Amino acid sequence: MYSQKRYCMKMFTLLLVSAGLIALYVLRNWYLKRPRCKSNAKLHGKTVIVTGSNTGIGKTTAIDLSRRGARVIMACRDKQRAEAAISDIKKETGNNEVVFMELDLGSLQSVRSFAETFLKSEFRLDILVNNAGLMKGGKTKNGVGMIFGVNHLGHFLLTVLLLDRLKECSPSRVVTVTSKAHEYGKIDFNCLSTHKDLAVGESDWALFKKYSHSKLCNMLFTHELAKRLEGTNVTCYSLCPGAVKTEIGRYSSSLWCMMSAPILSLFYMDAESGAQTTLYCALQEGIEPLSGCYFSCCAVQKE
């Protein structure tokens, strides 16, 4: 009788675990089934810039835009990785109009140099995709917090320097990749004034807070930029790509990487799925009246 009870308990436990795993699998597939950009827009004769385009969402975005016929400027810091990505993109799309231009968003001098080179060598700019981002401690070459400098300040300056060209080539768009983490963000102007950073500390939690604050900066910038661009036929959008398996956390501690690995493998999307809202904001017809808005899952969201 005792062994029979034990057997029944084991079977019951096994059934519970199996049911839990099935439910987890169904939930995972439901979550990862994200909307896709359905635009059929062709971009022959158009020029786009994608920052941080040698990997992840940026590379996938560059592939799609290249496949549509655009001349794609790969604005990246690492020349070797960018050239490897360009080789992949050319092979995959058959479009040879994919060009590397060096851009280190952690250096305002590099941003200015990039803009100067671009404006001298390229005569169009139809879409600017501010995609690059990181979650890394330390300071930029200009002495501001690395996350603040790269995720927001570098893109802010880049956009401002290229605005006249965007206006000349209108209708044109500025697309900035932010994150749902902006909901946890705030801007401490005292901290900015004192430390030239959005927060203090170098722990994984402190870096996440800085990242959240920087993503809020992206959203606020997009919102204000849209107001200032009214009547110019240049529109701008910010977006959350969703939870995506990218290299953004590559500078995190070993413990953080080890703890997050199971979650990443189960619930995070691949880069192709993650790029869909970026592509939607860059290409979708009829969203011009929504300039300044925040998007996710290929749809406008309440901020």
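I looked up helix H2 and found it mostly covered, with eleven of its twelve residues buried (under 20% relative accessible area, with exposed over 50% and partly exposed in between, 1.4 Å probe, protein chains only). Helices here are DSSP runs of H or I of at least four residues, strands are E runs of at least two, and both are numbered from the N terminus. The model is predicted: local features need pLDDT of at least 70 and side-chain atom pairs pLDDT 80 or more, while totals for chains, interfaces and linings use all residues. Residues are numbered from 1 along each chain, and side-chain values use heavy atoms, without hydrogens and water.

I checked the length of H2 (residues 56-67): at 1.5 Å a residue it should span 16 Å, and its end C-alpha atoms are 17 Å apart, which agrees. The expected span is 1.5 Å times one less than the number of residues. Just after H2, I noted a positive phi of about 105 degrees at Gly69.

Rings of Phe, Tyr and Trp (its six-membered ring) pair if their centres lie within 6.5 Å; planes under 30 degrees apart count as stacked, over 60 as edge-to-face and the rest as tilted. Phe156 and Phe221 form a tilted pair, 5.0 Å centre to centre with 55 degrees between the planes. Phe156 lies in helix H5 and Phe221 in helix H7, so this pair ties together parts 65 residues apart in sequence. Phe156 is partly exposed at 35%, whereas Phe221 is buried at 12%.

Trp205 and Phe208 form a stacked pair, at 5.6 Å and 25 degrees. Ring pairs link Tyr184, Trp205 and Phe208 into a cluster.
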